[in-house]
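Let's walk through this one as a set of questions and answers. Have the coordinates open while you read.

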Protein chains: 2
Amino acid sequence: MPIEQARRFMEAALDLAREAAAAGEVPVGALVVKDGAIIGRGANRPIAGHDPTAHAEIMAMREAATHLGTDRLTGCDLWVTLEPCAMCAGAIAHARIARLYYGASDPKGGAVEHGPRLFEQPTIHHRPEVYGGICEDEAAELLKAFFGARR
Amino acid sequence: MPIEQARRFMEAALDLAREAAAAGEVPVGALVVKDGAIIGRGANRPIAGHDPTAHAEIMAMREAATHLGTDRLTGCDLWVTLEPCAMCAGAIAHARIARLYYGASDPKGGAVEHGPRLFEQPTIHHRPEVYGGICEDEAAELLKAFFGARR
């Protein structure tokens with residue numbers, strides 16, 4: 001993928017993360033792309049949504065699945081500003097996401113390159129291609145500013 | 001907890017699993033209990049719901065969180081007929097479920113006593129008390145009959 005296109009999708013995810021921050025939620029944004037078109041968007045909103053599962057990735061994948069009328073997001077890419085947690089990585093496997101692109105690493109809560117490293121588990125039933133570190137500084141800065149302001 | 005009360009909750013979860021089977025979904029049922037009252041119910045329905053995240057546990061926890069008007073299910077118990085997968089175990093941790101009661105073990109897809117053993121990971125931010133093997137035979141038989149009929 002050309003670098004400019006990659007930046008464009010991650011910038012759109014970062015805009016969703018900023019929306020989350022403005023609403024007082026941890027700033028994470030995600031989108032699902034199929035054939036170059038955005039078919040699902042998610043801004044993290046567990047607090048406002050009264051929903052412990054309302055992470056950006058889950059919201060984006062649910063919207064995309066509704067759009068496609070199926071529970072399988074075959075051939076779809078997920079773009080997210082932060083390394084997915086175990087819940088979201090598990091959902092990515094269930095959804096059969098083809099490629100995962102993420103921004104900042106998450107040593108504390110991430111489950112892709114940290115903790116359980118879910119896609120490296122022998123029992124995982126689907127492994128997406130994984131590309132981390134896209135617009136990493138911007139994504140990390142958003143989170144740092146958010147948590148800094150709350151201290 | 002008296003054994004009769006435990007059976008009663010798991011029987012209610014098994015009824016939800018039977019509902020899932022009747023709808024052509026993998027038969028798993030779940031409920032969330034707070035102070036002895038059922039406040040969330042879930043029957044597995046990813047196919048009908050066009051939602052890769054629509055596992056019984058997720059449905060039950062979302063309903064309970066809506067009911068309580070918060071994203072934290074503090075002091076709540078989750079009853080589910082099958083060992084939770086990584087997605088659901090991650091959601092259980094996010095929701096701060098106090099006690100997890102499950103029926104059949106799932107060596108292929110389970111993430112509690114199998115695979116990533118999520119609650120034993122150093123990075124997990126919440127660990128529920130875990131009780132497995134409740135009405136195990138009934139729960140396993142339902143799944144066996146379902147997959148047997150599809151072969």
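UniProt, in an unreviewed entry, lists residues 4–113 of chain A as "domain: CMP/dCMP-type deaminase"; UniProt positions follow the numbering used here, feature names are shortened, and annotations may be inferred rather than shown by experiment. This is a predicted model, where local features need pLDDT of at least 70, side-chain atom pairs count only at pLDDT 80 or more, and totals for chains, interfaces and linings use all residues. Residues are numbered from 1 along each chain as its sequence is written, chains are lettered from A and ligands numbered from 1 in the order written, and side-chain values use heavy atoms, with hydrogens and water left out.

Q: How far apart are the end C-alpha atoms of residues 4–113 of chain A?
A: Helices (H or I, at least four residues) and strands (E, at least two) are DSSP runs, numbered from the N terminus. On that basis the span is 42% helix and 23% strand. Its end C-alpha atoms are separated by 25 Å.

Q: Which residue of chain B is in contact with His55(A)?
A: His55(A) sits in the loop between helix H2 (46–49) and helix H3 (56–68) of chain A. It counts as buried because its relative accessibility is 16%, and buried means under 20% relative accessible area, exposed over 50%, partly exposed in between (1.4 Å probe, protein chains only). Leaving aside neighbours within four places in sequence, His55(A) meets Asn44(A), Cys85(A), Met87(A) and Cys88(A), and from chain B, His94(B).

Q: What is the relative accessible area of Cys88(A)?
A: Cys88(A) belongs to helix H4 (residues 86–95) of chain A. Not counting residues up to four places away in sequence, it touches His55(A), Glu57(A), Ile58(A) and Met61(A). Cys88(A) is buried, with a value of 0%.

Q: Which side chain of opposite charge is nearest to Glu57(A)?
A: Glu57(A) lies in helix H3 of chain A, and its contacts beyond four places in sequence include Val28(A), Leu78(A), Cys85(A) and Cys88(A). Lys and Arg count as positive and Asp and Glu as negative, with His and the chain ends not counted; a salt bridge needs a side-chain nitrogen of Lys or Arg within 4 Å of a carboxyl oxygen of Asp or Glu. Glu57(A) is buried yet has no salt bridge. The nearest opposite charge, 12 Å away, is on Arg62(A).

Q: Which residue in E3(B) stands opposite Leu31(B)?
A: Two strands pair if DSSP finds at least two bridges between them. Strand E1 (residues 29–34) of chain B, with 5 of its 6 residues buried, is joined to strand E2 (residues 37–43) by 6 bridges, antiparallel. E1(B) also pairs with strand E3 (residues 77–82) in the antiparallel sense over 4 bridges. Leu31(B) stands opposite Arg41(B) in E2(B), and in E3(B) its opposite is Trp79(B).

Q: Is Asp35(B) buried or exposed?
A: Asp35(B) is found in the loop between E1 and E2 of chain B. Its phi is near 50°, a positive value in a residue other than glycine. At 73% relative accessibility, Asp35(B) counts as exposed.

Technical notes:
Contact = heavy atoms within 4.5 Å.
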